[in-house]
Amino acid sequence: MERSHLRTRIKFCGLTRPGDVRLACELGVDAIGFVFAQRSRRRVEPEQARLLRQALAPMVSAVALFMDTPADDVRRVVRIVGPHLLQFHGSEDDAWCRQFGVPYLKAIAMGGSTVDRGEDALFGAFPGASGFLLDSHASGEAGGSGHAFDWATVPTGLSRPALLAGGLSPDNVHAAIEQVAPWGVDVSSGIESAPGLKDGERMRRFVEEVRRADLSVRG
Ligand SMILES: O=C(O)c1ccccc1NCC(=O)[C@H](O)[C@H](O)COP(=O)(O)O
């Protein structure tokens, strides 16, 4: 698929250990996600995330992930952790996401039976979003499942940045980039040995496969 960008951005999500954060930075990922959603097995406390954020290399973004989290709790994370980006996975609307004065990504549920998958139907309700995360969960469900959705349902020629997520791994990310040519990719389960515990070898292979795909898509 044709694309204008030369490099696929990489976000690793659900990290809980400073060593994993340091390795991710060495491997050259662009962003690291910390999960504050109540139901998550990868959830970290704000004080823990503050330490993880201190392990970040310069020019790597910290992303704080929420799902229908009370506004006061989001504000507390913003104050203690100082994330570069927020990421919302629940039923939050654009005005709600913007109230914190921090750029945000909106997760779009690509699982289940959505009728209209044109760009406007997917993104139109979020004019203030910096970008989107196309994830495999159905509406109302949590992400981080390790399951992929049908990539053929991603509209072509998206005009706004979108990360492909859900069930990516070192084994399928090359094919995903060839098929979808997303602005970025986001992975959690596919680089783990257990929820929240990342596997160094899988992290390394994931980045290698993305770079290999970038070269082959450019021809
Ligand atoms: O990771 C979680 O536990 C989680 C809980 C609630 C809402 C979102 C959550 N995770 C979001 C993600 O990490 C991304 O959706 C991820 O890129 C996709 O996860 P995976 O399929 O495990 O790669």
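Strands here are DSSP runs of E of at least two residues, numbered from the N terminus. With that convention in place, Ala-31 belongs to strand 2, residues 31-35. I shall return to this residue after an overview; please bear in mind throughout that the model is predicted.

Let me start with the overall fold. The protein chain contains seven helices and 10 strands. Along the principal axes, its C-alpha atoms fill a box of roughly 45 × 40 × 30 Å. For 219 residues, a compact globule would have a radius of gyration near 17 Å, and the 16 Å of the protein chain agrees with that. Of the 219 residues, 39% are buried. Among contacts with a separation of 6 or more, 62% join residues 24 or more positions apart.

Setting aside neighbours within four places in sequence, Ala-64 is in contact with Phe-34 and Phe-36, with Val-77 and Val-81, and with Pro-83, Leu-86 and Gln-87.

Back to Ala-31, as promised. Is this residue buried or exposed? Ala-31 has 23 C-beta neighbours inside 10 Å, and the threshold for a buried residue is 20 or more, so Ala-31 counts as buried. Beyond residues up to four places away in sequence, Ala-31 touches Lys-11, Val-60, Ser-61 and Val-63.

In helix 1, residues 18-27, the buried residues are Asp-20, Val-21 and Ala-24. These three lie on the same side of helix 1, because they cover an arc of only 100° around the axis. Gly-19 and Glu-26, on the other side of helix 1, are exposed. Just after this helix comes Gly-28, with a positive phi of about 95°.

Helix 6, residues 173-180, has Val-173, Ala-176, Ile-177 and Val-180 as its buried residues. Their arc around the axis is only 95°, so they too sit on the same side of helix 6. Helix 6 is followed by Ala-181, whose phi is positive, near 50°.

Two further residues with positive phi lie in loops. Met-59, a residue other than glycine, has a phi near 70°. Met-59 is found in the loop between helix 2, residues 46-54, and strand 3. It has 7 C-beta neighbours inside 10 Å and therefore counts as exposed. Asp-68, also not a glycine, has a phi near 50°. Its place is the loop between strand 3 and helix 3, residues 71-81. With 14 C-beta neighbours inside 10 Å, Asp-68 counts as partly exposed.

I close with the ligand. Which residues come nearest to the ligand? Of the 26 residues around it, they are Cys-13, Ser-40, Gly-143, Gly-144 and Ser-189. The shell around the ligand divides into nine nonpolar, 12 polar and five charged residues.

Note on methods:
Residues numbered from 1 in each chain as written. Predicted model: local features only at pLDDT ≥ 70, side-chain atom pairs only at ≥ 80, totals over all residues. Near = placed C-beta within 6 Å. Nonpolar A, V, L, I, M, F, W, Y, C, P; charged D, E, K, R; others polar. Buried ≥ 20, exposed ≤ 12 C-beta atoms within 10 Å, placed from the backbone. Helix = DSSP H or I, 4+ residues; strand = E, 2+ residues; numbered from the N terminus. Arc of directions from axis to C-beta. Contact = placed C-beta atoms within 7 Å. Rg over C-alpha atoms; globule rule 2.2 N^0.38 Å.
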